[in-house]
Amino acid sequence: MTLQQKLTQLLDAAHLDIAASQQQQLVRLVELLNKWNKAYNLTSVRDPMQMVSRHIVDSLVVLPYLSGQRFIDVGTGPGLPGLPLAIAQPDKEFVLLDSLGKRIRFIRQVCHELGLKNVNAVQSRVEDYQPETKFDGVISRAFASLSDMLTWCQHLPQPQGHYFALKGQYPEAEIAALPTAFKVEDVFALDVPEVDAERHLVIISTRG
Ligand SMILES: C[S@@+](CC[C@H](N)C(=O)[O-])C[C@H]1O[C@@H](n2cnc3c(N)ncnc32)[C@H](O)[C@@H]1O
């Protein structure tokens, strides 16, 4: 089975409708991740077929829940989930932020090779990053506890904006420990084909 066939199969199973041209870009992203991973150690997932399920489709399953036009993916690492989301939503803007230069260099190379115009890769600690325009959504995957994410990122969303945190097991203790200034809007259990581990999306807003 080719990477393209695998991707199409898993997107169908996840009920995600992604155009053929964008699927080609997602396959190219996997190829680049696999190539750069050998020198840069970007991910512990070494098998490109597993990258399709554990990185690409795992990133895309949040698509139906995202609201807004302008997003930041904090602690994006090698662009996850930000790059798959930006490929799937070329009309939306994404800032992909990480403190590590080699990860940001990889993202810039991917943007160059795929011609992505809606991504800005920023090397910074999130606490130090001062954007000119605030965001509709602050996204993270495998980044920090919910409390730490909210504390470090509270200068980033616009007043009606949301935080979208991709977590593993239902994060009951993290939700219970949230500062009172924040409100959990929704928690969705996500089904990622061929990924056995539990996946949850926690959507949080700031109390007005
Ligand atoms: C476990 S990795 C997750 C990467 C990616 N989101 C994923 O799902 O594969 C966490 C990332 O957060 C970055 N990071 C940790 N603390 C940070 C901070 N304060 N500001 C910016 N990036 C940070 C690290 O450099 C690392 O790339």
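Reader: Where's Pro 81 sitting?
Author: In the loop between β1 (70–74) and α4 (82–88). Helices (H or I, at least four residues) and strands (E, at least two) are DSSP runs, numbered from the N terminus. The peptide bond from Leu 80 to Pro 81 is cis, with omega near 10°.
Reader: Is this an experimental or a predicted model, and how are things numbered?
Author: This is a predicted model: local features need pLDDT of at least 70, side-chain atom pairs count only at pLDDT 80 or more, and totals for chains, interfaces and linings use all residues. Residues are numbered from 1 along each chain as its sequence is written, and side-chain values use heavy atoms, with hydrogens and water left out.
Reader: OK, how many helices and strands?
Author: Seven helices and seven strands. Along the sequence the pattern reads α-α-α-β-α-β-α-β-β-α-β-α-β-β.
Reader: And what's the radius of gyration?
Author: For the protein it's 16 Å, close to the 17 Å that the globule rule gives for 208 residues, so it is as compact as a globular protein of that length. That radius is taken over C-alpha atoms, and the rule is 2.2 Å times the number of residues to the power 0.38.
Reader: Switching to the inside: which residues have the most contacts in the largest nonpolar core?
Author: Val 57, Leu 60, Leu 83, Phe 106 and Ile 107, in a core of 50 residues. Helix α2 (residues 20–40) gives the most to this core, with seven residues. Apart from it lies another core of 20 residues, including Tyr 129 and Met 149. A nonpolar core here is a set of buried Ala, Val, Leu, Ile, Met, Phe, Trp, Tyr and Cys residues joined through side-chain atoms within 4.5 Å. Buried means under 20% relative accessible area, exposed over 50%, partly exposed in between (1.4 Å probe, protein chains only).
Reader: What does Val 57 touch?
Author: Leaving aside neighbours within four places in sequence, Val 57 is in contact (heavy atoms within 4.5 Å) with Leu 7, Leu 10, Leu 11, Ala 14, Val 52, Val 192 and Pro 193.
Reader: Now Asn 41, what's its phi?
Author: Positive, about 50°, although Asn 41 is not a glycine. Asn 41 is in the loop between α2 and α3 (48–60), and at 46% relative accessibility it counts as partly exposed.
Reader: And what about phi of Glu 194?
Author: Near 70°, also a positive value in a residue other than glycine. Glu 194 is in the loop between β6 (182–190) and β7 (199–206).
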